[in-house]
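Please look at the structure before reading on.

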Amino acid sequence: MRTLGQTLLSWLGVAVLLGAMVAGCGGAPASQQTQDDLDNLTPVSLAAGERLQVVATTNIVGDIVGQVGSDRIELVTLMGIGIDPHSYVPTPADSAAIYDAHVVFASGAGLESDLERVFRSAGGTAVHVYLSDGLQHRLIGGALEEGDGHAHDEGDIDPHVWFDVTNVIAWVQTIEHVLSTLDPANAEAYRANAADYTQKLHELDAWIIEQVASIPQANRKLITNHPSFGHLAGRYGLEQVGAIYPFSPSAEPSARDIAALENSILEYGVPAVFAESTVNPKLAEQVAADTGVKVVALYSGSLGEPGSGAETYISLMRYDVSAIVSALK
């Protein structure tokens, strides 16, 4: 049972939390963990029958953590289905869950804006794991980041790293290592779950490569609501040639931006504008109407509702890739 002090902490922290995760796509990772940080973790003390208390920020992260932890962990996911991670606002219950957790897994790379401030406000002793730290990042627009893997100025980094399945394979390795270290009594189960899920991810990666190869080379161009598919494009041979919101869904494009985008659609002969479940499709629909192309809905920052065909990370990727291939072929 949560103590009175914990409850008061949740309510006192929420005033700060309400402003902490504001809208914005991309940005510098909130913190840079090192491999030494993860290697120096120590087991937590669990009572008989007590499970490791785990928090995941997004529901995509939550699904992947759940694949590794299964029923050996008590998992709380902060962002529900359909919530845009760029504009998520924490609740008092979220603050309490972070406070009570043994470990919090975040996507990182700037996806969850001002996350360190949220953690400081919530308090507690949880280990904070930024799954995208140490990965090869891409800049907004798709180019690979050069240098040491640390972020550039805020807004430079494309945080949607899960659209490259090899990045999620790296996530799984990190999740398995952290859970096994904190809860060594269940390490064998975590390792087995991670190995099984990693095999499924390798199969998914190969399937995407095969599917994209079926699109004529000249047709492999994407116009999206906002530039969230750089990792998909870079890994699998597609090209992002334009976005309705060039930087963030919270920053309205100018009339000149829209006109230039519509010219690009006509110039490249792009047959579809790809909208996203967490971004208002109104402008996408207008651009599609102006250029005579169709709007195709994809999932990006959130899993889909039950029955959507995108209820898990793997099914989301299969849904999106199937929709893209169908539209571009």
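The questions below go from the whole chain to single residues.

Student: How many helices and strands does the chain have?
Tutor: The model is a predicted one. Of its 329 residues, 53% count as buried. As for secondary structure, the chain has eleven helices and ten strands.

Student: Is Ala327 buried or exposed?
Tutor: Ala327 belongs to helix α11, which covers residues 313–328. A residue is buried when its relative accessible area is under 20%. The relative accessibility of Ala327 is 9%, so Ala327 counts as buried.

Student: Which residues does Ala327 touch, leaving out those up to four places away in sequence?
Tutor: The C-alpha atom of Ala327 is 9.4 Å from that of Val270, a residue 57 positions away along the chain. With sequence neighbours up to four places away left out, the residues touched by Ala327 are Pro271, Ala272, Phe274, Lys294 and Val296.

Student: What kind of aromatic pair do Tyr299 and Tyr319 form?
Tutor: The whole structure holds four aromatic pairs. In the pair of Tyr299 and Tyr319, the centres are 5.2 Å apart and the planes stand at 75 degrees. Planes over 60 degrees apart count as edge-to-face, and the pair of Tyr299 and Tyr319 is edge-to-face.

Student: Which residue lies over the face of Trp207?
Tutor: The position over this ring is taken by an arginine from the chain. At 4.5 Å from the ring centre of Trp207, the residue is Arg318.

Key
Residues are numbered from 1 along each chain as its sequence is written. This is a predicted model: local features need pLDDT of at least 70, side-chain atom pairs count only at pLDDT 80 or more; totals for chains, interfaces and linings use all residues. Side-chain values use heavy atoms; hydrogens and water are left out. Helices (H or I, at least four residues) and strands (E, at least two) are DSSP runs, numbered from the N terminus. Buried means under 20% relative accessible area, exposed over 50%, partly exposed in between (1.4 Å probe, protein chains only). Contact means heavy atoms within 4.5 Å. Rings of Phe, Tyr and Trp (its six-membered ring) pair if their centres lie within 6.5 Å; planes under 30 degrees apart count as stacked, over 60 as edge-to-face and the rest as tilted. A charge sits over a ring if NZ of Lys or CZ of Arg is within 6 Å of the ring centre and within 35 degrees of the ring normal.
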